[in-house]
Amino acid sequence: MTSADIDTGLLAPGWAGSPAAAETSDTAFLRALLDAEAALTRAQAALGLAPEEAATAVTEAAGTAGFDVTSLAERARNGGNPVIPLVAELTRAVGAEHGPYVHRGATSQDIMDTAMMLVAVRTLDLVLGDLGRTERALAGLAAEHRDTPMPGRTLTQHAVPTTFGLKAAGWRSLVLDARDRVAAVRGSLPAQLGGAAGTLAAFSAYGAADATALPGTYARELGLAEPLLPWHTLRTPVADLAGCLAFTAGALGKTAVDVLTLSRTEIAEVAEGSGGGSSAMPHKANPVRATLIVSGARRAPQLAATLHGSLVAEDERPAGAWHAEWEPLRDLLRLVGGAARLAAELTEGLRVRPKVMGEHLRLTHGLIVSERLSAELAPVLGRARAKELLTDAARRTYTEGRSLAEIIAEETESTGVDLGELTDPARYTGSAGALTDRALERR
């Protein structure tokens, strides 16, 4: 097996081939590990703990072309992580004169954690870009369909009318919530540097007058946040990542699951811009993007649960808890990165069918506005009589196949109530338009 045979995403069409796939590949992780090692030597050089020539030599040697990711993966079994064999190879690549400055004072977890944060930051930047695309597409749909009436559905049944604009504004609100969470977490992800047990003792031994200055210098070299403390067993950064990624998957999943429902053949109120085909049924245009987004949203909570479980990390460095994070965190980054790309494509190409929505508003022969009739008739007929009348009229609407307005008119001729207006679903969307406007004010 070669490195090309690993990690292709054959069973993961939601993220395969996406920019997030490239940023979370084995090669990308190797790049992050090498970046972390090179930055460590540069940070020590900046504080006078290593020669500038050593920093240059390590940085120049830290190119991924010289390292076999498959070999590193196989040799990682001996020490439990890939940093150990990588440090040995990088030291040889740097040469005898400056090799002793490779990884000096650090522990494997410092490099692994820092690399994970680098991969996360690079992937989250892609996610933020795609969330921006999705938000803009949904804002356009909400504005365009501000007053497009459609059936509101609760517990799978027609409830009262709403507008597609309000629905799209709701989807956008969740996307903005996700964006805010991702942006906040992205800006807080720290470098990791503590040495063997989180005391920075080795750096003092190597001559640092104030070893506590080193983590900040290291973080600035990498563009990461400065850690307040070494967080080998204080896994707030990973838990925060898990939380924002799971939320984002769910937020995008809400839009996708609504699209799946509304694009059913018998509903067909919306459709993906270009659906996927079927291996057996040529007539089908499956909502593939929405399907894959929902698939990721269903997996994300369990992956996040594993990462939250790793908060229970014993001692100053844990056995198992830290190691359990690597794969689920990468899976989460991939799922969300892929889902964000798919969501942008889905919303930018979504086709809305107002005519079909209007037809569906008439399916219940006016019953969809029975709530309004109840409110309007109660002052005229009395609350008890209005309820009795509407209950009987609803039954007759179904059994006789007549409209609610026609049946009610027979019983309320002398009231002067304008049933034409009261039973028009398009005239009973409440404050949907105003709510949509208010939602679109959020930037």
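**View 1. Salt bridges across the whole structure.** Searching the entire structure turns up 32 salt bridges, where a salt bridge is a side-chain nitrogen of Lys or Arg within 4 Å of a carboxyl oxygen of Asp or Glu. This is a predicted model, in which local features need pLDDT of at least 70 and side-chain atom pairs count only at pLDDT 80 or more, while totals for chains, interfaces and linings use all residues. Residues are numbered from 1 along each chain as its sequence is written, and side-chain values use heavy atoms, with hydrogens and water left out.

**View 2. Glu89 meets Arg75.** Here the two side chains form a salt bridge, 2.0 Å from N to O. Glu89 belongs to helix H5 (residues 83-94) and Arg75 to helix H4 (residues 69-79), so this pair ties together parts 14 residues apart in sequence. Helices are DSSP runs (H or I, at least four residues), numbered from the N terminus. Glu89 is buried, at 16% relative accessible area, whereas Arg75 is partly exposed, at 28%. Buried means under 20% relative accessible area, exposed over 50%, and partly exposed in between (1.4 Å probe, protein chains only).

**View 3. Arg372 with Glu421.** The closest N and O atoms of this salt bridge are 3.9 Å apart. Arg372 counts as buried at 13% relative accessibility, while Glu421 is partly exposed at 35%.

**View 4. Around Leu241.** Apart from its neighbours within four places in sequence, Leu241 is in contact (heavy atoms within 4.5 Å) with residues including Met117, Leu124 and Leu329.

Definitions and conventions: Helices (H or I, at least four residues) and strands (E, at least two) are DSSP runs, numbered from the N terminus.
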